[in-house]
Amino acid sequence: MAEAEETEQVPQKKKTESDDDKRKKKLVPGGLMKAVIRPGGGDSSPADGDQVIFHCTVRTLDGVVVESTRLGLGGNGTPTRHVLGKSKMILGLLEGIPTMQKGEIAMFKMKPEVHYGEEDCPLSVSDSFPVDAELHFEIEMIDFSKVISEDLGVVKKVTDEGQGWESPREPYEVKAWISAKAGDGKLILSHTQGEPVCFTFGNSEVPKGLEMGIGTMSRGEKAVIYVSKHYLTKSPFMPMVEGLEEVHFEVELVHFIQVRDMLGDGRLIKRRIRDGRGFNYTFKLKLDYYVDSVSDFPMDCPLHDSLLRVHYKGMLLNEGKTVFYDTRVDNDGQPLEFSSGEGLVPEGLEMCVRLMLPGEISLVTCPPDYAYDKFARPASVPEGAHVQWEIELLGFEMPKDWEGFNFREIMADVEKIKGTGNRLFKEGKYELARAKYEKASATEVARGHKTVLISVQVLREFNHVHPQDDDEGKEFADTRNLLHLNVAACYVKMGECRKSIEACNKVLDGNPVHVKALYRRGMAYMSAGDFEEARNDFNKMMSIDKSSEPNAKAALLKLKQKEQEIERKARKQFKGLFDKRPGEIAEVGAIDKEEDEVLGENRESGDSKDLDGDNEEDHVAADAPPPRKSFFSHLWPTGRRIFRAIGVERCSIL
């Protein structure tokens, strides 16, 4: 009940009210009345965003025709076209058109305030039009269809509904039957027999407008796509487009293969050969530790730390597609079982399996750096080999949550997670280690009136553990701090110093005299080039704990070496820049060989010594130097002081 009450208290985000919505509030009982003259067909009606095509005849109540689109009643015979929600329409039609079906004829009786007599009506009529009279509007709904482009240059009319939820997009591989006719009905080309048209979405292999329309279709759907000349780009499918004002494409979407460019550079490609089972819905989610960009993520795919069961066949990308491993043959027919997020399979394989649904079969093409160059390589796989895996996800088991666990069971589980993270850290897999400490970020997806929680951050969940006594409280606090500091160590190794500082601050906010947190934050500040902040942390260490002096002094020595190195480089870089007379150009960027050798010695002596000094089992040691920062990322704080010392705040090098 408490949870329900809390949910009710959350303010609902109000939908922005459109101008048309405000106008509809002007309707009063009896202002608009409808009588059906001829029923339409089907069970659908036009909605916002649909193009509607209809004939309209306006009469007075005694039957006198005021205006009409029909040829025999004074019009030119061309029906009216509007886009609901976008075109300017009188209020009566804005409300009445969405109630009609295709082929329906209806009579709308309108008072002046719902047609052209409406105050601030967006449409104008001639002075002879009876705007103050009650009128009959006879409407025949000829057709309505989906608008693809804002300018009505691409319009789609569905003739047969398709199946499924997905539509093709870049870089999916598409198969479709397609024929094209000119606006007058003349056949231009036809591909409705033999083999369907095959093309890769996004490669400009078909006209732009046709591709836009197909991008809204589902498997098995049949539609007519009306494409105006502005969207009739030349393509291998239709090289001749000149002289055509509009083309009507009749399309049946036979099949498409989901293709994912996992890295965005065309090297790691996942092709879905067979659909899987699961909740057919995708949402935007940053992929834990693998992909920096945000991409579509299927809801029923494996989460971090799931136990996965897969069959796979590995092949070399040579002429014969040599098979180097097949679980159905080489593993006694048993599937491979592994836990995600632990670095137990090649990175490219796990990235793709994490985007699969149970029962799905995918073909993965993988470059060597995501296959076996950084993983235990089978004897038959040469170094630098591109490989292909045919993967079937049989199923997976979700990770256990801590509901029903007592404190000791929770601590044991956390210790196991931390141990795996430490192993990954020592193996140099810093992103995996960080993800193991944090697990996946908590993400909620609204679906209808429900909210689905797909993953919980281990530190966030750990914060809700309730120790029962002082001993458990101390153990809880120490473990939580260690997790934060291990996350900080990972971020330093990944070159994300600011995030490392944030992780250390979470410890220092609760305990400002935590020596390990001060040391690690100082190292992060030093890597980020914030030397004064780093010096403050190292000095504070010594004032808090005398036993930390050796580590703090060693860190201060390295800090001094880094400052000297950067100042020497900066002075040499800008040497003579301000010594020249007006009009002369100073030479910039020369560092003599002797000084460069001295700096090199300082770098070696500073980086070779392990300054962590923490040999406890529970703490992650800094085994490898952090990623090198660019020269200019270190130059600015010190360079600014140099410019100020010589009296120049800003300069330009031409």
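## Surroundings of Arg 309

Beyond its neighbours within four places in sequence, Arg 309 touches Leu 336, Glu 337, Glu 392, Leu 393, Leu 394, Gly 395, Phe 396 and Glu 397. The model described here is predicted. Arg 309 belongs to strand β17, which covers residues 307-316.

The C-alpha atom of Arg 309 lies 6.0 Å from that of Pro 335, although the two residues are 26 residues apart along the chain. Arg 309 has a relative accessibility of 23% and therefore counts as partly exposed, because that class lies between the limits of 20% for buried and 50% for exposed.

## Helix α10

Helix α10 is formed by residues 470-493, 24 residues in total. The distance from its first C-alpha to its last is 35 Å, close to the 34 Å expected at 1.5 Å a residue. Just after α10, Gly 495 adopts a positive phi of about 80°.

## Packing of α8 and α10

Two packed helices are described by the angle between their axes and by the distance between those axes. For helix α8 (residues 430-438) and α10, the angle is about 155° and the axes are 9 Å apart. Angles over 145 degrees count as roughly antiparallel, and α8 and α10 are therefore placed in that class. Their crossing is left-handed.

On the α8 side, the contact involves Tyr 430, Ala 433, Arg 434, Tyr 437 and Glu 438. These residues meet Leu 483, Asn 486, Val 487, Cys 490, Tyr 491 and Lys 493 in α10. Sorted by class, the contact of α8 with α10 comprises 7 nonpolar, 1 polar and 3 charged residues.

Note on methods
Residues are numbered from 1 along each chain as its sequence is written. This is a predicted model: local features need pLDDT of at least 70, side-chain atom pairs count only at pLDDT 80 or more; totals for chains, interfaces and linings use all residues. Side-chain values use heavy atoms; hydrogens and water are left out. Helices (H or I, at least four residues) and strands (E, at least two) are DSSP runs, numbered from the N terminus. The expected span of a helix is 1.5 Å times one less than its number of residues. Axes are lines fitted to C-alpha atoms, for helices over the stretch in contact, and angles run from 0 to 180 degrees between N-to-C directions. Angles under 35 degrees count as roughly parallel, over 145 as roughly antiparallel, 65 to 115 as roughly perpendicular and the rest as oblique. A crossing is left-handed if the near helix is turned anticlockwise from the far one by less than a right angle, and right-handed if clockwise. Contact means heavy atoms within 4.5 Å. Ala, Val, Leu, Ile, Met, Phe, Trp, Tyr, Cys and Pro count as nonpolar, Asp, Glu, Lys and Arg as charged, and the others, Gly among them, as polar. Buried means under 20% relative accessible area, exposed over 50%, partly exposed in between (1.4 Å probe, protein chains only).
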